[in-house]
Amino acid sequence: MFFKKREYTTGTSLSKLAWKKLLMNKIAIASICFIFLISFIATLGYLITPDSSPYANSQSLELASLKPGSRINVLRIKKNRIIEKSSLLRKMLFGKSNDYESIPYVAYYFHSDKIGITEYSTDSIEDPRIFDFVLAEVCDHLISESYRYDSLTQTANYLTSDSLKKSYHLAELQDLVIRNHLKTKRFILGTDRYGRDYLSRLMIGARVSLSVGFIAVSISLLIGIFLGSLAGFFRSWIDQLIVWFINVVWSIPTLLLVIAITFALGRGFWQVFIAVGLTMWVEIARIVRGQILAIREKEFVEAGRALGFNNFRIIFYHILPNIMSPIIVISAANFASAILIEAGLSFLGIGVQPPMPSWGSMIKENYAYIILDSAYLAIIPGIAIMLMVLAFMLLGNSLREALDVRIQNRNE
């Protein structure tokens, strides 16, 4: 039995053993599932958000500060413009402008060829206003300018959007309006002070957090691995120069450095990514340098030199694959740090700019409600940031344990 066990472990690569150990860690699996869930929501974006307008910025001041779970009846009226067709991919990435105007109401009634609604209002002092709309103005496939109503026969003649004349009985028009234009909107997490759907902005805000983590970590990996490899492999004056530069950058507080770079590049979406990425390469460079210094004199490196391989091939094809474990672990931690830094910048107002939603900017817009009866407007994005950072930190710890060869050998 002992011989079989040794045969199995020695015949299995360290990467397979690490992956097997990671899959046995329930905390790691839970973290991976949570990260994949948020990534899936952020990727689909506007295809699954209740408000698919760009940046989920459809405002309705009548619906400001609604409680979670609120249901509101709305009358949808076509806007006076050509309805634009958008591809599925374009809608998923950038959203689609609303082709209808949604008017909230508490009651409706029909009279003659019109529909009347009693406007929804949160103001209990003023009397609600009543609006009348011609049915042709409501139906999206009719041209109201060609409308002609016969009160005796209760029929209406219209020109449809495809230039066909059609006659409707009044009951048919009313049925069309009821089925297609009287809708009920549900706000699962309520609305903010501008009447925007809070769940939609929270879902789109996940894109910013994941994007800044991914791009910032990618930038830091490119710079950190390149400079760390040069310093650790060539040593001499190159190592001294790079180490001096690392120490200078390391001595500056990260947040202050990010703020300085942000002011230099300007405020905006991509500027935040670059600013965060340019401040996270230092730790990666130090780790890469230390790892290369430890293995640059190993036998396989000397064998590469003896075979005539150039230095860059030895570094990128032979040395770096053997030191990827600590780089992967530190990347997971940097991903969490990038999310926190972006949230802090957006809270300070120098990160992602309105109307683009960000979890940090959502806290900034609603932190005054913490002492009021709508504290959830600031608490929900705060919890989202906390869970995302916690997931990446737990995943990083689990990766460190799974990739530690000494722990694996000790367990065996």
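A contact means heavy atoms within 4.5 Å.

**Figure 1. Overview of the predicted model.** This is a predicted model: local features need pLDDT of at least 70, side-chain atom pairs count only at pLDDT 80 or more, and totals for chains, interfaces and linings use all residues. Residues are numbered from 1 along each chain as its sequence is written, and side-chain values use heavy atoms, with hydrogens and water left out. Among contacts between residues at least 6 apart in sequence, 68% join residues at least 24 apart. The protein has 17 helices and 8 strands. Helices (H or I, at least four residues) and strands (E, at least two) are DSSP runs, numbered from the N terminus. Of the 412 residues, 42% are buried. Buried means under 20% relative accessible area, exposed over 50%, and partly exposed in between (1.4 Å probe, protein chains only). The protein exposes about 22,800 Å², and carbon and sulfur atoms supply 62% of that area. Accessible areas come from the Shrake-Rupley method with a 1.4 Å probe; for residues, only the protein chains shown count as cover.

**Figure 2. Confidence along the chain.** pLDDT is the predictor's confidence in each residue, from 0 to 100. Its mean over the protein is 83, and 85% of the residues reach 70 or more. Confidence is highest in helix α3 (residues 26–44), at a mean of 94, and lowest in helix α1 (residues 2–10), at 41. Over residues 1–11, pLDDT stays under 50, and the model has 5 contacts there beyond four places in sequence. Residues 406–412 also stay under 50, with 13 such contacts. Where pLDDT is low, the predicted coordinates should not be read in detail.

**Figure 3. A salt bridge between Asp373 and Lys67.** A salt bridge is a side-chain nitrogen of Lys or Arg within 4 Å of a carboxyl oxygen of Asp or Glu. The structure holds 8 of them. In this one, the closest N and O atoms of Asp373 and Lys67 are 3.5 Å apart. The pair links distant parts of the chain, 306 residues apart. Asp373 sits in the loop between α15 (359–366) and α16 (376–403), and Lys67 in the loop between α3 and β1 (70–78). Asp373 counts as exposed, at 59% relative accessibility. Lys67 counts as partly exposed, at 36%.

**Figure 4. Further salt bridges.** Arg289 and Asp239 meet through their side chains at 2.6 Å, N to O. Arg289 belongs to helix α11 (residues 281–295) and Asp239 to helix α8 (residues 236–251), 50 residues apart. Arg289 is partly exposed, with a relative accessible area of 24%. Asp239 counts as buried, at 10% relative accessibility. Asp99 and Lys96 form another salt bridge, at 2.5 Å from N to O. Asp99 is buried, with a relative accessible area of 11%.

Figure 5. Arg193 is found in the loop between β8 (182–187) and α7. This residue is partly exposed, with a relative accessible area of 38%. The C-alpha atoms of Arg193 and Glu365 are separated by 9.0 Å, although the residues are 172 apart along the chain. Leaving aside neighbours within four places in sequence, Arg193 is in contact with Leu61, Ala64, Ser65, Glu365 and Tyr369. Glu365 is also linked with Asp192 and Arg196 in a network of salt bridges.

**Figure 6. The largest nonpolar core.** A nonpolar core is a set of buried Ala, Val, Leu, Ile, Met, Phe, Trp, Tyr and Cys residues joined through side-chain atoms within 4.5 Å. The largest has 34 residues, of which Ile339, Trp359, Ile385, Met388 and Phe392 touch the most other members. The elements giving two or more residues to this core are α3, α7 (198–234), α14 (324–348), α15 and α16. Helix α16 gives the most, with 11 residues. Beyond its neighbours within four places in sequence, Phe392 is in contact with Ile35, Ala332, Phe335, Ala336 and Ile339. In soluble globular proteins, nonpolar side chains tend to be buried together.

Figure 7. In helix α10 (residues 269–277), Val272, Phe273, Ala275, Val276 and Gly277 are buried. The buried residues of α10 pack against α7, α9 (254–265), α11 and α14.
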